Amino acid sequence: MARAGDERDLDAAERALGTLSRDGESDADSAMRERWEMRFAALGAVIPPVAPPPGLYRGIQDRIALEGAIADLEAERRKRRGWRNGALMMTAIAASLVLAIALPREMLPAEMRTQLDALLGTPAPNDLQLVATVTHDDNPLIAGMIVHVDVAAGTATIVPTRVTAPEGRAYEVWHIAEGGSMPRSLGLLPESPVTMQSISAGPGDIFTISEEPPGGSPDGSPTTLLFRGTMVAAR
Amino acid sequence: MARFWEATIADGRQDADRPAPGSDRDAAALAALLSAVADGDERSLAALYDAAGAKLFGIALRITRERSLAEDALQEAFVHVWQNADRYERGRGSPMAWLTVIVRNRSIDLLRRRGRGVQGRSVGDDALEAMADPVAATDGGVEVLALARCLERMEERGQELVLLAYFEGWTREELAQRFEAPVNTIKTWLRRGLLGLRACLEEEADGSRRR
């Protein structure tokens with residue numbers, strides 16, 4: 001019954017069971033452990049199903065959106081290290097993400113809260129920061145861009161995500177002041193974050209992305225609105 | 001994709017000799033959903049949740065014995081599935097087994113992170129009994145049946161150690177405390193049990209290949 005390599009395989013079995021720790025496992029060892037895990041998984045079959053509470057799946061969607069957003073933020077931060085106002089922008093964006101998905105922070109797993117706290121830092125006082133997470137009308141998990149407005153400075157920073165327009169089409173950014181005035185074009189969706197000067201925006205304003213022919217809207221108004229998001233105070 | 005899963009179930013119901021849950025057909029449906037999730041299809045994740053959520057929540061609840069922890073475990077597990085669905089390989093086991101591994105690992109991580117003592121956890125209970133009864137285990141397909149048969153053939157002590165470690169997340173040290181035995185003795189018992197279990201499972205696998 002016993003054979004060469006048993007010790008190693010039995011260690012793997014114990015790591016699968018959890019009687020031994022997995023710390024410092026090599027790739028080969030983790031493959032052996034996974035094989036045992038799949039064997040033991042049959043034990044789960046005898047446990048009767050229990051319906052999870054309603055709304056739990058919504059929490060899964062929120063966490064997926066948040067984790068994706070945090071990963072994007074961190075990538076952006078690495079890319080833009082030293083960028084003027086970068087930290088402030090990240091602060092606002094990170095805060096907006098929490099607001100945008102209306103997820104009480106207490107519901108987040110501990111390590112995600114720590115991650116967020118690290119990103120959030122301390123906000124500057126007396127400085128109104130606004131953010132809008134602009135998401136797809138059909139699927140709130142797809143964000144097209146994040147807009148951060150620094151009211152005192154009169155700037156708007158557009159942070160695009162990874163969405164790209166279909167072949168032969170273009171995405172254009174619009175600002176609609178609260179109260180539903182005519183959309184004002186802010187130009188084509190940039191490929192990397194862009195800060196625009198002399199922007200006057202307030203809470204309740206809407207930022208949208210429309211799909212247009214190459215070069216942008218032919219008549220100065222949006223053709224097909226695809227993404228939208230409302231400005232909220234970042235903190 | 002949700003419709004796809006429902007259709008699969010409805011289809012099965014009309015079938016007089018419908019295979020048990022955990023059958024090849026259910027496995028194929030779950031595997032198809034997983035591969036769509038790997039391609040980033042969010043609706044397939046929802047369908048997977050509809051199909052397997054209750055089963056997996058039952059497992060999380062059995063291990064954590066606390067609704068809030070079980071809810072956390074299930075959420076974390078599905079986020080992990082969303083990010084890692086491409087790592088599921090058909091050749092290495094059923095999709096349900098793969099999902100079960102994820103949920104169990106999350107449940108035990110949460111349980112340990114929260115910190116809990118060995119005291120106050122009941123021992124000889126439902127799962128032990130259900131598992132020791134191969135008839136109750138027939139619902140899960142051939143792998144479950146094989147594991148049930150092999151556990152039944154184990155010495156009682158080894159069987160108990162394996163099940164306690166699996167469902168309660170006890171370490172060697174905690175088992176030693178519970179059984180009032182030195183840690184090395186627990187190790188010896190465990191390994192003797194696991195060696196026998198492995199031999200038996202390999203025999204079962206050879207047998208089913210021949211059938």
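From the N terminus on, chain A of this predicted model runs α-α-α-α-α-β-β-β-β-β-β-β-β-β. Its secondary structure therefore comes to 5 helices and 9 strands under the DSSP assignment of runs. Chain B is built otherwise, with 11 helices and 0 strands, in the order α-α-α-α-α-α-α-α-α-α-α from its N terminus.

**The two chains**

In chain A, which has 235 residues, 37% of the residues count as buried. In chain B, which has 211 residues, the buried share is 44%. Among contacts in chain A with a separation of 6 or more, 62% are between residues 24 or more positions apart. For chain B, 66% of the contacts between residues at least 6 apart in sequence join residues at least 24 apart.

**A loop position in chain A**

Ser21(A) lies in the loop between α1 (6-17) and α2 (27-40) of chain A. Is Ser21(A) buried or exposed? Ser21(A) counts as exposed, because it has 11 C-beta neighbours inside 10 Å and the limit for that class is 12 or fewer. Asp11(A) is 10 residues away from Ser21(A) along the chain, and the C-alpha atoms of the two are separated by 9.6 Å.

Between the chains, 50 residues of chain B are in contact with 37 residues of chain A. Helix α3 (residues 42-64) of chain B supplies 11 residues, the largest share of the side of chain B that touches chain A. By class, that side of chain B has 29 nonpolar, 9 polar and 12 charged residues.

The helix α3(B) is itself mostly covered, with 19 of its 23 residues buried. The end C-alpha atoms of α3(B) are only 28 Å apart, whereas a straight helix of 23 residues would reach 33 Å at 1.5 Å a residue. After α3(B) comes Arg65(B), which has a positive phi, near 55°.

**Packing against helix α11 of chain B**

Two packed helices are described by the angle between their axes and the distance between the axes. In chain B, helix α11 (residues 183-210) is crossed by helix α9 (residues 156-168), and α11(B) also packs with helix α10 (residues 172-179). The values for both pairs are set out below.

| Helix pair | Axis distance | Angle | Residue classes in the contact |
|---|---|---|---|
| α9(B) and α11(B) | within 9 Å | roughly 95° | 5 nonpolar, 3 polar, 2 charged |
| α10(B) and α11(B) | 8 Å | about 105° | 5 nonpolar, no polar, 3 charged |

With their axes crossing at roughly 95°, α9(B) and α11(B) are therefore roughly perpendicular to each other. On the α9(B) side the contact is made by Arg157(B), Gly158(B), Gln159(B), Leu161(B) and Val162(B). On the α11(B) side it is made by Ile186(B), Trp189(B), Leu190(B), Arg192(B) and Gly193(B).

The axes of α10(B) and α11(B) pack at an angle of about 105°, which makes α10(B) roughly perpendicular to α11(B). Here α10(B) contributes Arg172(B), Glu173(B), Leu175(B), Ala176(B) and Phe179(B), and α11(B) contributes Val183(B), Ile186(B) and Lys187(B).

Note on methods
Residues are numbered from 1 along each chain as its sequence is written. Chains are lettered from A and ligands numbered from 1 in the order in which they are written. This is a predicted model: local features need pLDDT of at least 70, side-chain atom pairs count only at pLDDT 80 or more; totals for chains, interfaces and linings use all residues. Axes are lines fitted to C-alpha atoms, for helices over the stretch in contact, and angles run from 0 to 180 degrees between N-to-C directions. Helices (H or I, at least four residues) and strands (E, at least two) are DSSP runs, numbered from the N terminus. Angles under 35 degrees count as roughly parallel, over 145 as roughly antiparallel, 65 to 115 as roughly perpendicular and the rest as oblique. Two residues are in contact if their C-beta atoms, placed from the backbone, lie within 7 Å. Ala, Val, Leu, Ile, Met, Phe, Trp, Tyr, Cys and Pro count as nonpolar, Asp, Glu, Lys and Arg as charged, and the others, Gly among them, as polar. A residue is buried if 20 or more other C-beta atoms lie within 10 Å of its own, exposed if 12 or fewer, and partly exposed in between; C-beta atoms are placed from the backbone. The expected span of a helix is 1.5 Å times one less than its number of residues.
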